[in-house]
Amino acid sequence: DLNGFKQVNDVYGHGTGEANDSSAEAQNNMGGIGTCPHCMFIPLRVGESFITDSNDFAKALVYATDNGVKVIQEALGTINQTAFSREAIDYAYAHGVMIDASMADENSRHHNMPATWNHTLPVHTIRFNNDSYHDSTTFLAFDSCTNYGGHAALSVSGTSCASEATGRTAGIAGLVYSMGLSLTQPLQLSAEEVMQILKQSADDVNVP
């Protein structure tokens, strides 16, 4: 019950919104459906808001990796990027964990940490062109509160900031991992394989 989780543990509701975007259950009369409604999520607190210390993020990252998590969904920014944080990201990547990282929400080319480190998948939100469906014909349709620039790996359909894109992408990554495991001969995909599948299956948006 994500609503109960919000009331007890999530002061600002940001983590709850993230969980809803990626893994909210279907057919429970409690709002929208996540992109991977059968995915299991583990909420890990790394700060009181979406700005934290990278060492706290790193601790959660190592804990999640050692407990079999396959996708790290982090819509946050850190005030630093320590050696421990960098090593934790590399450790997760080496163990097949994909780190889905928010480009953040300053409407600038600012490089948000920890998304700027190697072995992450930085994403931001691209808007729809009309009220009924997502059909962006230009990269310039990115949401006005989300960061942009060459560091972004994917533009993901959404109605809000980069946090929504992060949640949606995490659920899709969960589906990719699950598909690999559901094959007649189960396939343990690496983090890099999942990131490449997501990148290669994206539509190219050309700007004249």
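Student: Is Asp56 buried, exposed or partly exposed in this model?

Tutor: The model is a predicted one, and its values are computed from the atoms. A residue counts as buried under 20% relative accessible area and as exposed over 50%, with partly exposed in between. Because Asp56 has a relative accessible area of 33%, the term for Asp56 is partly exposed.

Student: Which side chain does Asp56 meet in a salt bridge, and by about how many helical turns are the two residues separated?

Tutor: The side chain of Asp56 meets that of Lys59 in a salt bridge, with 3.9 Å from N to O. Lys59 is exposed, with a relative accessible area of 52%. Because Lys59 and Asp56 are three residues apart in helix α3, which spans residues 54–66, the separation between them is about one helical turn.

Student: What is the relative accessible area of Glu164, and which residue forms a salt bridge with Glu164?

Tutor: Glu164 has a relative accessible area of 9% and is therefore buried. Four residues apart in helix α5, Glu164 and Arg168 are separated by about one helical turn, and Arg168 is partly exposed at 27%. The closest N and O atoms of the salt bridge are 2.9 Å apart, and the residue that forms it with Glu164 is Arg168.

Student: How many salt bridges does the structure hold, and how far apart are the closest N and O atoms of Arg45 and Glu48?

Tutor: The structure holds three salt bridges. One of them involves Glu48, an exposed residue with a relative accessible area of 55%. Its partner is Arg45, and the closest N and O atoms of Arg45 and Glu48 are apart by 4.0 Å.

Student: Which residue is joined to Cys36 by a disulfide, and what is the handedness of the link?

Tutor: The chain has one disulfide by the rule applied here, and it joins Cys36 to Cys39 with an S to S distance of 2.1 Å. Cys36 counts as buried because its relative accessibility is 3%, whereas Cys39, at 24%, counts as partly exposed. The angle about the S-S bond is 75°, and the link of Cys36 and Cys39 is right-handed.

Student: Which strands pair with β5, and in what sense do they run?

Tutor: Strand β4, residues 98–102, pairs with β5 over three bridges in the parallel sense, and Ala101 stands opposite Pro122 of β5. Strand β6, residues 154–157, is joined to β5 by four bridges, and Ser155 in β6 is the bridge partner of His124.

Student: How many residues of strand β5 are buried?

Tutor: Strand β5 covers residues 121–126 and is mostly covered. A residue counts as buried when its relative accessible area is under 20%. In β5, the number of buried residues is six of six.

Student: Which element gives the largest share of the largest nonpolar core?

Tutor: The largest nonpolar core has 16 residues, of which Met98, Leu121, Tyr177, Val194 and Leu198 touch the most other members. The elements that give two or more residues to this core are β5, β6, α5 (162–182) and α6 (191–200). The largest share is five residues, and the element that gives it is α5.

Student: Where is His119, and what is its phi?

Tutor: His119 lies in the loop between β4 and β5, and at 30% relative accessibility it counts as partly exposed. Although His119 is a residue other than glycine, its phi is positive, near 70°.

Student: Which two residues are joined by a cis peptide bond?

Tutor: One of the two, Pro114, has its place in the loop between β4 and β5. The omega of the cis peptide bond is about 5°, and the residues joined are Met113 and Pro114.

Definitions and conventions:
Residues numbered from 1 in each chain as written. Predicted model: local features only at pLDDT ≥ 70, side-chain atom pairs only at ≥ 80, totals over all residues. Heavy atoms only, no water. Buried < 20%, exposed > 50% of the residue type's maximum accessible area, 1.4 Å probe, protein only. Pairing = 2+ DSSP bridges. Disulfide = S-S within 2.5 Å. Core = buried A, V, L, I, M, F, W, Y, C linked by side-chain atoms within 4.5 Å.
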